[in-house]
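Hello,

Here is the structure we talked about handing over. Please look through it first, and then read the notes below it.

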Amino acid sequence: MTTQTEKAVRFLDLHRPGNPLLLPNPWDRGSAALLASLGFQALATTSSGFAATLGRPDGSVSRDEALAHAAAIVTATELPVSADLENCFADDPGGVARTVTLAAETGLAGCSVEDFTGDDDEPIYDIGRAAERVAAAAEAAHAGPARLVLTARAENYLHGRPDLADTITRLQAYQAAGADVLYAPGLTSLADIRQVVTAVDRPVNVLALSGAPPVSELAEAGVSRVSVGGAFAFAALGGLAAAATELRDKGTYGYLATSAAGRRAFQGGAPPRGD
């Protein structure tokens, strides 16, 4: 069995500029096992996808729930797993560090911390405070026997602040604070992404969004990782809604073709057993 330390080292090694790690985001143990079977090399949790499994919106999961979920994903496969820990469920650096310390105990290879406050009036932490929080997270991530890979997220573009200069300044501050990977979700312009990659000396993650460049162009720009956030989870929910709507409104079973494909993917081609 691969140790946590080996998984963490492997996870960071997979971040290669020009050959980005494709990091899918499972939302439960079954989706984690399926993604592992499809040949992906690492996984990451999704806060929005997990919240949806609980019938809640993103941002409504507690720290204990997020950590228990991360532990479940870790035990579903032998792949390195990084956890989406939102803002680490704390405003103060001490609380952030505590969350990361607890995360390390789940067997994770990495985790993230974002600079979103959760306050609609002031959605982004002051840059000084934000850097202090990243520094606390980095110290905790790197202090234990397994050196977790810390991803620091600049959330401007997801919260009505499309300011590239400030985003770059923040990512540079997070790099100086000890982050291993940098991430500004919401960027879709290849030119902007290039600016971010060239402005920092750490691997850069890009979120796969509608309008974002394809992986081949992101690779050419020097991106080191591409993740999908909650998109796979909501694609699955979209398939469920379409199937249920067909049954309700038409009384037909066209969804069985997609169901069969999903069953084959999950069971490795084993014949169906009915219910």
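A salt bridge here is a side-chain nitrogen of Lys or Arg within 4 Å of a carboxyl oxygen of Asp or Glu. The model is predicted, so local features need pLDDT of at least 70 and side-chain atom pairs count only at pLDDT 80 or more, while totals for chains, interfaces and linings use all residues. Residues are numbered from 1 along each chain as its sequence is written, and side-chain values use heavy atoms, with hydrogens and water left out.

Salt bridges

The structure holds ten salt bridges. One of them joins the side chains of Arg-170 and Asp-115, at 3.3 Å from N to O. Arg-170 lies in helix H7 (residues 164–176) and Asp-115 in the loop between E4 and H6, so this pair ties together parts that are 55 residues apart in sequence. Helices (H or I, at least four residues) and strands (E, at least two) are DSSP runs, numbered from the N terminus. Both Arg-170 and Asp-115 are buried. Buried means under 20% relative accessible area, exposed means over 50%, and partly exposed is in between (1.4 Å probe, protein chains only). Salt bridges that share partners join Asp-115, Arg-161, Asp-166 and Arg-170 into one network.

Arg-153 and Glu-155 also meet in a salt bridge, at 2.8 Å from N to O, and both residues are buried. In the salt bridge between Glu-65 and Arg-56, the closest N and O atoms are 2.8 Å apart. Glu-65 is partly exposed, with a relative accessible area of 26%, and Arg-56 is partly exposed at 31%.

Strand E4

Is E4 mostly covered or mostly open? Five of its five residues are buried, so E4 counts as mostly covered. In a regular strand the side chains alternate between the two faces of the sheet. On one side of E4 are Gly-110, Ser-112 and Glu-114, on the other Cys-111 and Val-113, and all of these are buried. E4 runs parallel to strand E3 (residues 81–83), and two bridges join them. Two strands pair if DSSP finds at least two bridges between them. Ser-82 has Gly-110 in E4 as its bridge partner.

Surface patches

Patches are made of residues with over 30% relative accessible area and no salt bridge; like charges are joined within 9 Å, and nonpolar side chains (Val, Leu, Ile, Met, Phe, Trp, Tyr) within 5 Å. Accessible areas come from the Shrake-Rupley method with a 1.4 Å probe, and for residues only the protein chains shown count as cover. Lys and Arg count as positive and Asp and Glu as negative, with His and the chain ends not counted. The place of a charge is taken as NZ of Lys, CZ of Arg, CG of Asp or CD of Glu.

Asp-119, Asp-120, Asp-121 and Glu-122 form a negative surface patch. Asp-120 sits in the loop between strand E4 (110–114) and helix H6 (127–143), and is exposed at 71% relative accessible area. Phe-234, Leu-237 and Leu-240 make a nonpolar surface patch of about 290 Å². Leu-237 is in helix H10 (residues 231–249) and is partly exposed, at 37%.

Positive phi values

Glu-86 is not a glycine, yet its phi is positive, near 50°. Glu-86 lies in the loop between E3 and helix H5 (93–104) and is buried, at 12% relative accessibility. Phe-89 lies in the loop between E3 and H5 and has a positive phi of about 55°. Phe-89 is partly exposed, with a relative accessible area of 25%.

Regards
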